[in-house]
Amino acid sequence: MDELIKTFHIELNLLFAQVVNFSIVLFVLYRFAYRPILKTLNSRTEKIEKGMRDAGEAGKKLEEITEKEKEVLSNAKKEACEIIKNAEEQARINAENIALETKKQNEKLILATKKQIEQEKNKMLTEVKGEIVNLVILATEKIIDEKLDRNKDMELIEKAIK
Amino acid sequence: MTEQNSVIIDSNTINSQATNKSDSGSETTLFAEPLGHIGSFVITNSLVSSWIVVAILVIFLVAAGKKVKNIPRGLQNIFELFLEKALEMADSVTGSRKKSEKFLPISLALFLFILFNNWLGLLPGMGTIGFNEMNGGQKVFIPLFRGGTADINTTLALALFAVVASHMMGIVMIGLWNYFNKFVNIKLLLEIPTKIKKDFTVVLVNPIKVFVGLVEIISELAKVASLTFRLFGNIFAGEVLLFSMMALFAYLLPLPFMFLELIVGIIQALIFSILALVYMTIATAEHEH
């Protein structure tokens, strides 16, 4: 060991001096170059990763929204169709109802009119009948010129008319 | 022994043949030459180089970390790319980003410090600019600068730092008791009576495991030695090689070896830092059962 130290001139002072030299280099490297650069590198990596993630999420969200939009639109279309269909149906029913009502009313009206006509006719007939009786009485009075018993007369006439 | 202590390569490069030793022949010695003293503190040429490297790195790193913005511009892109790649590489060793982020500063600092030291030693003027000193009636050339990692004090300091850091990480991340049991495995010994009913082989297997743990202590020392001598050996050998080539023929001939040494410099820095990372990873691994 002594031989070794003597041969290579190993000196504790020099060893220590070199350790100090290297320590200075290590300290400066770590403190002024390594740490700041590594920090920025890592922070940038983080930032990029976050950006990528955000972009992916945004894309997914956009897709979702598009899908939803489509769904909403189709729903709206369906609803609109239904509403129109319902309205049409309603309208049809309404029209039918109206037509039915009208028909009924017409029938009623016709019936009433017929009844009235009948009544009128009957009234006219009775009136005519009375007139005819009187006329016949007058005529027969004039022809026969002699008055039969009034009651007998009436009986006769009525028999004749019948 | 003293003659063998210094590998003397004649590198009186520019104006003399290798065989003609001049009065002030510069030598590549196995150790860093002292330039002066402050009190009892010896300042060697390697230490001066290391100081220059520290100064360069401090300026460079402070500049790199200044004005770091979330939206990168210009140079920041390069630093970020560098750090990103380093983290990826560390991930392949440690297996988890959390550990990588914790260990990388040490590994990265080792890499930069060693790389700059290696390359600084290759610059022209390193090892050739200096002064002559009378030493025992003989003129000895003392270069003003010497590659920081071509001095065993530097590599030993770095290796010790790396290994001690790995132990620290181990203690911090898996707890002192668990970490202690990696080497002196009392847990396994205590387990024997409780497990013996279920599995008789425990009596045989656990003592072996305990012994393996004790061997680990030696391997920790080996780690320091291997880190130290690998780096020192490579860089010193490179300097010797370059000096030899320059002594043979100063023009063009050293050029390919210069490129080789550039590559060796970066490879050795990489090996050292990766090994430090591996040691830290091993130290923080939970003991498998």
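Two strands are said to pair if DSSP finds at least two bridges between them. Helices (H or I, at least four residues) and strands (E, at least two) are themselves DSSP runs, numbered from the N terminus. With those terms in place, let me turn to the predicted model shown above.

Local features here require pLDDT of at least 70, side-chain atom pairs count only at pLDDT 80 or more, and totals for chains, interfaces and linings use all residues. Residues are numbered from 1 along each chain as its sequence is written, while chains are lettered from A and ligands numbered from 1 in the order in which they are written.

I begin with chain B. It contains 9 helices and 4 strands, arranged along the sequence as α-β-β-α-α-α-β-β-α-α-α-α-α. Strands β1 (residues 34-38) and β2 (residues 41-44) of chain B pair in the antiparallel sense, over 4 bridges. Within this pair, B:Gly36 lies opposite B:Ile43 of β2(B). The hairpin has 2 residues between its strands, and B:Gly39 adopts a positive phi near 65°.

Next, the contact between the chains. Residues are in contact if their C-beta atoms, placed from the backbone, lie within 7 Å. Chain A contributes 29 residues and chain B contributes 37 residues. On the chain A side, α1 (2-8) and α2 (12-144) each supply at least two residues, and the largest share, 24 residues, comes from α2(A).

What does the largest nonpolar core contain? Such a core is a set of buried Ala, Val, Leu, Ile, Met, Phe, Trp, Tyr and Cys residues joined through C-beta atoms within 7 Å. A residue is buried if 20 or more other C-beta atoms lie within 10 Å of its own, exposed if 12 or fewer, and partly exposed in between, again with C-beta atoms placed from the backbone. The core has 56 residues, and those touching the most other members are A:Val25, A:Leu29, B:Ala109, B:Leu110, B:Leu112 and B:Phe113. Its greatest contributor is α4(B), with 13 residues. Beyond its neighbours within four places in sequence, A:Leu29 has contacts that include A:Tyr34, B:Leu61, B:Pro105 and B:Leu108.

Finally, is B:Ser96 buried or exposed? This residue sits in the loop between α3 and α4 of chain B, and it counts as exposed because it has 12 C-beta neighbours inside 10 Å. B:Ser96 and B:Thr281 are 185 residues apart in sequence, yet 9.8 Å apart in space, C-alpha to C-alpha. Over chain B as a whole, buried residues make up 33% of the 289 residues.

Notes. Contact = placed C-beta atoms within 7 Å.
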